[in-house]
Amino acid sequence: MAQDMRTFLGHIPGIESASTYKLWRTVLRKNNSSFDPEAFQVISPYRGEFYGADSINLLLQKALNPGVTNRCLDGIGYWDKVIQIRNRPMSNPIYAYRDSDGKNIKTEIYNGEIGIASAHGFDKGSEKPNVERIQVMFSGNTRKGLKYNYGKDLGKTENGRQIPVQNVEDNLELAYAISVHKSQGSEFDYVYIVLPHRDSHLMSMELLYTALTRAQKKVTLFIQKDISTLTTLSRPEKSAVRRINSSVFEFKPLPDEVVRPTMSWYESGKSIATLSEFYVRSKSEAIIANLLSDRSIPFKYEEPLFAPDGTMYLPDFTVTFRGEECYWEHVGRKHDSAYMAHWEKKKAWYDKHFPGRLLITYESPEISRDALKIIESNI
């Protein structure tokens with residue numbers, strides 16, 4: 001896991017081979033002096049499940065800050081990256097230690113602000129097995145010179161009164177990874193976006209755009225399985241804005257079946273069931289899929305196919321005949337000039353990169369016979 005994290009962060013300028021702990025400290029170090037919690041950020045569209053922010057936080061805490069689990073307060077330990085989850089305005093302030101005069105003062109901190117936890121001043125150099133208090137240094141010019149106190153037995157205020165208990169669990173969470181929602185309004189040098197292979201009505205092109213635009217220097221996408229998640233998000237029906245049935249200029253609502261969240265296969269335009277696991281886009285494609293399924297011929301529907309030069313198309317069917325992978329395209333709209341122009345371009349792509357591996361059927365009343373003829377000649 002440590003090696004995975006070195007690969008994960010190793011492209012950042014100034015990072016050299018080191019232990020995971022030293023690597024983490026180097027990543028956070030800004031101009032070799034102060035710590036910058038916004039040097040990098042992992043963002044996920046979700047909080048739950050194994051690809052959500054909660055699980056990724058535990059993974060990264062263990063990998064980047066090893067040993068911290070033995071010295072934690074409500075799951076947060078020294079040098080963990082954290083986020084404030086509760087608004088604390090001056091009407092409900094929090095106490096922070098001010099470096100300039102060595103006093104604890106009332107101040108504000110707001111939901112979404114990110115910082116780095118450290119040992120409280122009372123515990124500097126201490127080897128106590130139990131952590132009872134921590135301090136957090138938040139980013140931002142207005143937070144400079146302030147160390148925010150959390151826990152209990154935090155010292156006295158500038159008026160000599162004991163600082164009240166400020167529970168960690170009520171105020172802080174780990175922030176190695178955060179949700180897209182939590183990231184809004186923030187900027188980070190390096191952003192890593194996790195995109196699971198999951199078709200959800202919660203995902204939209206606007207949500208992805210929000211995540212992408214958090215990066216100031218570089219953004220990296222971790223896409224599970226293949227790029228079909230991106231191709232799905234590029235569809236008009238995956239726009240949250242276009243799903244709103246209103247417009248300043250013209251009323252053009254999308255059809256109900258497109259925006260119906262419980263029918264995920266409508267969201268991709270695949271509305272026709274087959275004998276296989278796949279939903280397809282036309283009755284002719286359903287006939288082909290059913291013939292393949294009936295004869296137990298392995299196939300995939302709209303699986304991304306990459307050429308050696310990096311270009312990509314989505315074959316209608318990727319079929320395995322006698323151990324060899326072939327690509328089956330069904331040409332449906334023969335009388336649509338734009339469609340046919342695109343098809344000719346696509347066919348030329350196959351001829352260039354995958355010669356002899358393209359199978360073609362055309363829309364006709366004899367589609368069943370034509371498809372069956374292709375199948376029988378290849379099995």
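Strand 18 (residues 299–301) pairs with strand 21 in the antiparallel sense, over 3 bridges. Across that pairing, F299 stands opposite V319 in strand 21. The model is a predicted one.

Is E329 buried or exposed? With a relative accessible area of 3%, E329 is buried. This glutamate belongs to strand 22, which covers residues 324–331. Once neighbours within four places in sequence are left aside, E329 is in contact with L314, P315, D316, W343, K346, Y350, L358, L359, I360 and T361.

**Aromatic pairs**

The structure holds 14 aromatic pairs. One of them is formed by Y313 and W349, whose ring centres are 4.9 Å apart with the planes at 70°, so the pair is edge-to-face. This pair links distant parts of the chain, with Y313 in strand 20 (residues 312–313) and W349 in helix 10 (residues 337–353), 36 residues apart. Y313 counts as buried at 15% relative accessibility, and W349 counts as buried at 8%.

Y327 and F354 form an edge-to-face pair as well. That pair also links distant parts of the chain: Y327 is in strand 22, while F354 is in the loop between helix 10 and strand 23 (358–362), 27 residues apart. Both Y327 and F354 are buried. The table sets out the geometry of the two pairs.

| Pair | Centre to centre | Angle between planes |
|---|---|---|
| Y313 and W349 | 4.9 Å | 70° |
| Y327 and F354 | 5.4 Å | 65° |

Beyond these, ring pairs link F278, F299, Y301, F317 and W328 into a cluster. F299, named above as standing opposite V319, is one of the residues in that cluster. A charged side chain also meets a ring: K81 lies over the face of F40, at 4.9 Å from the ring centre.

**Nonpolar cores**

Which residues have the most contacts inside the largest nonpolar core? They are I134, Y150 and L172, in a core of 55 residues. Strand 14 (residues 188–195) supplies the largest share of this core, 7 residues. A second, separate core has 19 residues, including I297, V319, W328 and A371.

L172 illustrates the surroundings within the largest core. With neighbours within four places in sequence left aside, L172 is in contact with I76, V82, I83, Q84, I85, I134, V136, F138 and Y150. Among these, I134 and Y150 are also listed with L172 for the most contacts inside the core.

**Helix 5**

Helix 5 covers residues 205–212, and its buried residues are L208, T210 and A211. Seen down the helix axis, these buried residues fall within an arc of 155°, so they line one face of helix 5.

Methods: Residues numbered from 1 in each chain as written. Predicted model: local features only at pLDDT ≥ 70, side-chain atom pairs only at ≥ 80, totals over all residues. Heavy atoms only, no water. Buried < 20%, exposed > 50% of the residue type's maximum accessible area, 1.4 Å probe, protein only. Helix = DSSP H or I, 4+ residues; strand = E, 2+ residues; numbered from the N terminus. Arc of directions from axis to C-beta. Contact = heavy atoms within 4.5 Å. Core = buried A, V, L, I, M, F, W, Y, C linked by side-chain atoms within 4.5 Å. Phe/Tyr/Trp six-rings, centres within 6.5 Å; stacked < 30°, edge-to-face > 60°. Lys NZ or Arg CZ within 6 Å of the ring centre and 35° of its normal. Pairing = 2+ DSSP bridges.
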